[in-house]
Amino acid sequence: MFGLDNKDTRMLLVVAVLTLCAPFILNPFPTDSAMAQFNAGYPDLMQRFVIFGIFAIGFNILFGLTGYLSFGHAAFLGVGSYSAVWMFKLLSMNVVPAILLSVVISGLFALLIGFVSLRRSGIYFSILTLAFAQMSFNLAYSVLTPITNGETGLQLTLDDPRILGVSATADGSIPVTSLFGLEMRSTFEMAVGPWAFQFNAGYYLCALILLAAFYLSIRIFRSPFGMMLRAVKSNQQRMNYTGLNTKPYTLAAFVISGMYAGLAGGLMASMDPLAGAERMQWTASGEVVLMTILGGAGTLIGPVLGAGFIKYFENIFSKINDHVLHGWFSFMPDGLEDFVVFIIHPFIGKGWHLTLGILFMLVVVFLPGGLVEGGQRIAKWVKGRKNKDDSTSATKTPAE
Amino acid sequence: MGILEVKNVGKRFGGLQALGDVNLSVKENTVHAIIGPNGAGKSTLLNCLVGKLIPDTGSVMFDGQSVLGRKPFEINQMGISRVFQTPEIFGDLSVLENMLIPCFAKRDGAFSLNAITSVPSEKDVLEKAEAMLEEMNMADKRHMHAASMSRGDKRRLEIGMCLSQEPRLLLLDEPTAGMARADTNNTIDLLKEIKEQRDITIAIIEHDMHVVFSLADRITVLAQGTPLVEDDPQNIRGNPKVREAYLGESA
Ligand SMILES: Nc1ncnc2c1ncn2[C@@H]1O[C@H](COP(=O)(O)OP(=O)(O)OP(=O)(O)O)[C@@H](O)[C@H]1O
Ligand SMILES: [Mg+2]
């Protein structure tokens, strides 16, 4: 289907079902149960899952296929956000032109940075991209204040022109982002017994774009172009002596992944129309590297898993505090309860980075292929057990 | 006029004159061997032909066109393919993919943003790659990870990859170095077959005299960066100068 083989079609369908049913899947616990804080089915959180999923899918086209590790991709995300907000300020609150512009501008920006950075490979390439991203961050933070509004960040105001829309709504407030009139913030709540499920327009727009982005990445992976990118990673020398020019291949991969990042940035601004320089900081660039490696670099689904995993941790583990822990362990004798809470304390709340760091190390050491490799090993193990069962039962049968 | 004309080529590395004043003419559809003791400058000469090194002086003409100042991929597109001393293949890719890449390069050129089609839907390229694997007797290994093959098979694959580009000149740098006798003989047979069945010119650097005398139509002996003699194989054996510079050493 859609020019994909059966295996890829199945994977696309699984991702489609998971994203479209996310409001159910991520809210498995009744609203007022003790476990409710592990629910993640809230519009803003779900939006973040898929937006970072798109970011990581794009990053993987560069890093996973060509092996060029960029430490500056957050710059493209930031550029995408600024472009989208400017579109909301100048043109209209419709998200379509905003998203288109963010993809185009970040693509051009990636062309420029890629052209220079790709003159080197390996660690020098990484450092160059890092330097460019930090430069962009600092420019956005100070020098380019007329465009970026510096520290405060770029926001909508009541006197923006919005030539195809209105500067202010009838009741004098700033209009909200929409898709041809469908407000991005509009949410439909469905209560089923003790559960509450939220269906948000903005989330579904992001989810559909994620599916399109994922589909495109499968096509790229399976195309002759994708094979050439893997060849770049494997042996550039052989490519050169096979009549292939590696430069445009790596540059194309760089620009495509920059456009994915810009798309993610544009969507972020479409869900919440503001843009700040901190989105371009090196920590943000590092995060997408972690997502891709944690999920499985070079695999199709890995980056999506990695993005979901890290965003879930960030938002859920960081909210657990000592108070919650005492609640969980209240069944223990007082001294023991305090001790257990004391032990767990560094790993939760603000300490979630520590937990994530440990998990990341464990994955890199024991599962170099990331979560995807973990999944494959489990599948193999289950299969192996099944085969064993089959063979033992097969040898038994004649004896009966 | 040969298909490859090397005139007065010199190359210095710091204080070392790796190539002095090399003149070499390789005739079309022949096998031309370049031999000489270690450090004679054979690999350096080869590197000057494929754009890896730029000679300080002289000219290198392929089929009437200068190769100097061109990038390796451009020289390859002119019709020169190179096999390396240690096999250079795409280790992370499957054997079939290794063969597909030169076939795509032949059809689509140095760069093509072909992200629309899928590899399995490119029937013409697939057929060509499969046929070449068949010819190399590697069809049964098509789904193998290329890095996991034996050295002999890697060499075979690399030669196949070069041939699938239908080059006019094939350059081989010690194709049997470090190979077991059986693998060496296989490689000789393969190269003989190529020589007989294709319109191709081969320039080969080789230490193994068995290989050289089984294949070469013409031999150039290089010593200390300059050609000592160029002659037919039977005359090379008896040439006292060659014995002194090269054969004498190993005898
Ligand atoms: N890139 C380089 N930089 C400096 N010196 C070099 C370089 N490449 C080769 N040389 C020197 O040039 C001389 C010729 O080297 P070359 O590799 O061409 O010899 P060769 O005939 O191929 O020898 P072998 O039979 O050992 O492969 C040697 O003395 C070598 O050390
Ligand atoms: Mg050599």
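# A tour of chains A and B

Start by selecting B:Asp56, which is partly exposed, with a relative accessible area of 46%. Here buried means under 20% relative accessible area, exposed means over 50%, and partly exposed lies in between, with a 1.4 Å probe and protein chains only as cover.

Before going on, note that this is a predicted model, in which local features need pLDDT of at least 70 and side-chain atom pairs count only at pLDDT 80 or more, while totals for chains, interfaces and linings use all residues. Residues are numbered from 1 along each chain as its sequence is written, chains are lettered from A and ligands numbered from 1 in the order in which they are written, and side-chain values use heavy atoms, leaving out hydrogens and water.

**Stop 1**

A salt bridge is a side-chain nitrogen of Lys or Arg within 4 Å of a carboxyl oxygen of Asp or Glu. Helices (H or I, at least four residues) and strands (E, at least two) are DSSP runs, numbered from the N terminus. Is B:Lys11 buried or exposed? B:Lys11 is buried, with a relative accessible area of 11%.

**Stop 2: chain B as a whole**

Now select chain B, which has nine helices and 10 strands. Its radius of gyration is 19 Å, close to the 18 Å that the globule rule gives for 251 residues, so chain B is as compact as a globular protein of that length. The radius is taken over C-alpha atoms, and the globule rule is 2.2 Å times the number of residues to the power 0.38. Along the principal axes, the C-alpha atoms of chain B fill a box of roughly 60 × 40 × 35 Å. Of the 251 residues in chain B, 55% are buried.

**Stop 3**

Select B:Leu24 in strand 2 (residues 16–26) of chain B. B:Leu24 is buried, at 5% relative accessibility.

Then move to B:Asn29, in the loop between strand 2 and strand 3 (31–35) of chain B. B:Asn29 has a positive phi of about 60° and is not a glycine. Most residues other than glycine have a negative phi. B:Asn29 is partly exposed, at 42% relative accessibility.

**Stop 3: strands 9 and 10**

Select B:Arg218 and B:Glu230, whose side chains meet in a salt bridge with N to O at 3.1 Å. B:Arg218 lies in strand 9 (residues 218–223) of chain B and B:Glu230 in strand 10 (residues 226–231), so the pair ties together parts that are 12 residues apart in sequence. B:Arg218 is partly exposed, at 29% relative accessibility, and B:Glu230 is partly exposed, at 31%.

What is the phi of B:Gln224? B:Gln224 has a positive phi of about 50° and is not a glycine. B:Gln224 is in the loop between strand 9 and strand 10 of chain B, and is exposed, with a relative accessible area of 73%.

**Stop 4: two surface patches**

Select A:Arg119, A:Arg120, A:Lys247 and B:Lys71, which gather in a patch of positive charge on the surface. Patches are made of residues with over 30% relative accessible area and no salt bridge; like charges are joined within 9 Å and nonpolar side chains (Val, Leu, Ile, Met, Phe, Trp, Tyr) within 5 Å. Lys and Arg count as positive and Asp and Glu as negative, with His and the chain ends not counted. The place of a charge is NZ of Lys, CZ of Arg, CG of Asp or CD of Glu. A:Arg120 sits in the loop between helix 5 (95–117) and helix 6 (122–143) of chain A, and is partly exposed at 49%.

Next, select A:Ile358 in helix 16 (residues 352–366) of chain A. A:Ile358 belongs to a nonpolar surface patch with A:Phe347, A:Leu354, A:Met361, A:Leu362, A:Val365 and A:Phe366, with about 660 Å² of accessible area together. Accessible areas come from the Shrake-Rupley method with a 1.4 Å probe, and for residues only the protein chains shown count as cover. A:Ile358 is partly exposed, with a relative accessible area of 34%.

**Last stop: a salt bridge in chain A**

End with A:Glu183 and A:Arg185, a salt bridge whose closest N and O atoms are 3.1 Å apart. A:Glu183 is partly exposed, at 31% relative accessibility, whereas A:Arg185 is exposed, at 56%. Over all chains, the structure holds 27 salt bridges.
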